[in-house]
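Subject: A structure for you to explore

Hi there,

Here is the structure I promised to pass on to you. Have a look around it first, then read my notes below.

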Amino acid sequence: RLTAAAYTVGEQVQYTDIWANDNYLQFMYERLPLMRELLAEDGTLWLHCDHRKVHHLRMLLEEVFGPDNYLNTIAWRSQVARGAKVNAFYFPNSTHSIEIFAKDRSTPPIWHPLKKQIILREDEAARHYLRDDRGFFRTSDPGTYSFARLKTLHAQGRLYAPYGGQVLIDEARQQVYPSQGGSLGVKYYLSSRADGTYVTEQAIDNLWDDIPGLGTTPNEDVGYPTQKTEALLERVIRVATNPGDLVLDCFMGSGTTLAVAQKLGRRWIGCDMNRGSIQTVSRRLQSILQAPSAAEAQSSHHTFAIYRVNGYDLAANEP
């Protein structure tokens with residue numbers, strides 16, 4: 001049973017996550033099959049939680065979706081330990097988890113891999129990269145590159161020999177190797193910019209430490225508990241959907257998912273049981289619709305409606 005907390009803002013009534021015993025897991029277990037049924041065949045489910053229940057929820061998700069449809073677990077660094085938290089026993093908890101499951105991995109699900117740009121000053125580039133007459137570079141193992149491919153890279157000046165050695169080519173044996181030993185490397189150069197900085201791209205993996213939490217982006221704060229930042233939901237929506245797709249957030253809270261979906265030109269449905277959420281999200285969406293983004297301006301989704309379903313009475317949640 002969800003218990004009302006003594007948390008009110010004017011007419012808004014909001015709730016804490018107070019659950020007795022395993023009631024929360026039962027609550028989720030009854031809803032996860034519905035979420036799976038609603039998913040498009042190429043859709044994905046993203047479930048955010050903290051350290052307290054992530055392992056229990058992973059087991060439920062595997063039971064409902066099947067272990068073969070597990071895609072990944074994101075570790076999101078939502079904050080940096082500070083204040084009294086730095087003295088926490090057994091390490092401070094600074095990350096949240098996002099479990100990702102496909103409806104049917106064999107379909108396959110919609111997935112747009114993203115890369116992030118990193119801007120470096122010259123002194124920063126010098127600390128982390130090697131340098132030659134062409135600029136700053138990092139190296140990578142050539143792996144299974146063919147002899148012909150290695151020769152082409154060498155002609156382009158993109159092979160690296162460690163310990164000050166030279167790149168040697170043995171035509172008879174069809175081998176390319178460094179003269180002073182060690183491992184051959186392929187050079188990947190940073191791009192220089194007009195302002196004297198350098199830029200590189202990195203693949204995004206399952207450790208998201210580049211998206212700050214609400215504590216460091218207070219301009220987004222709408223005064224709602226458990227609010228997420230828009231940058232977090234923007235990454236999720238860009239990866240897992242196409243423009244015009246339908247996004248469902250069945251625990252919408254402060255409405256960050258809907259706000260970002262609207263800005264990115266996606267259709268959306270949001271659900272929540274408490275009046276505070278409905279009021280907060282309505283105000284937030286109204287402000288977005290008054291100043292549409294470029295994606296919104298090209299879409300036909302310029303309004304929204306509120307529905308009461310299953311005879312649920314919002315007024316029953318008032319103290």
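What follows is a short tour of the helices, sheets, single residues and aromatic rings. Please keep in mind that this is a predicted model.

The crossing of α1 over α2 is right-handed. On the α1 side, the contact is made by Tyr24, Leu25, Met28, Tyr29, Leu32, Pro33 and Arg36. On the α2 side, the residues are His56, Leu57, Leu60, Leu61, Glu63, Val64 and Phe65. What kinds of residues make up the contact of α1 with α2? They divide into 11 nonpolar, 1 polar and 2 charged.

**A helix on the inside**

Next, find helix α5 (residues 230-240). Of its 11 residues, 8 are buried, so α5 is largely enclosed by the rest of the structure. The buried ones are Glu230, Leu232, Leu233, Arg235, Val236, Ile237, Val239 and Ala240. Which elements do these buried residues pack against? There are strands β3 (44-49), β4 (70-77), β5 (95-102) and β15 (207-208), together with helices α6 (256-263) and α7 (275-290).

If you look at Phe137, you will find Tyr189 of β12 opposite.

Another open sheet has 3 strands, ordered β6-β14-β13, and its pairing is antiparallel too. Here β6 (115-120) and β13 are at the edges, and each has a single partner strand, so one side of each is left without a neighbour in the sheet. Strand β13 is joined to β14 (residues 198-203) by 2 bridges, and the two run antiparallel. In β14, Val199 is the bridge partner of Ser191.

**Two serines to compare**

Ser192 is in strand β13 (residues 191-192), while Ser97 is in strand β5. Ser97, at 16% relative accessibility, counts as buried.

Leaving aside residues up to four places away in sequence, Ser192 touches Thr197 and Tyr198. With that same exclusion, Ser97 touches Leu47, His48, Cys49, Val54, Thr73 and Ile74. Ser192 is also 71 residues from Arg121 in sequence, with 10.0 Å between their C-alpha atoms.

**Aromatic rings**

Finally, the structure holds 9 aromatic pairs. The rings of Phe27 and Phe251 have centres 5.9 Å apart and planes at 45°, so this pair is tilted. The pair links distant parts of the chain, with Phe27 in helix α1 and Phe251 in the loop between β16 (246-249) and α6, 224 residues apart. Phe27 is buried, at 16% relative accessible area, whereas Phe251 is partly exposed at 40%. Phe65, Tyr70 and Phe101 form one aromatic cluster.

Enjoy exploring!

Best wishes

Technical notes: Residues are numbered from 1 along each chain as its sequence is written. This is a predicted model: local features need pLDDT of at least 70, side-chain atom pairs count only at pLDDT 80 or more; totals for chains, interfaces and linings use all residues. Side-chain values use heavy atoms; hydrogens and water are left out. A crossing is left-handed if the near helix is turned anticlockwise from the far one by less than a right angle, and right-handed if clockwise. Helices (H or I, at least four residues) and strands (E, at least two) are DSSP runs, numbered from the N terminus. Contact means heavy atoms within 4.5 Å. Ala, Val, Leu, Ile, Met, Phe, Trp, Tyr, Cys and Pro count as nonpolar, Asp, Glu, Lys and Arg as charged, and the others, Gly among them, as polar. Two strands pair if DSSP finds at least two bridges between them. Buried means under 20% relative accessible area, exposed over 50%, partly exposed in between (1.4 Å probe, protein chains only). Rings of Phe, Tyr and Trp (its six-membered ring) pair if their centres lie within 6.5 Å; planes under 30 degrees apart count as stacked, over 60 as edge-to-face and the rest as tilted.
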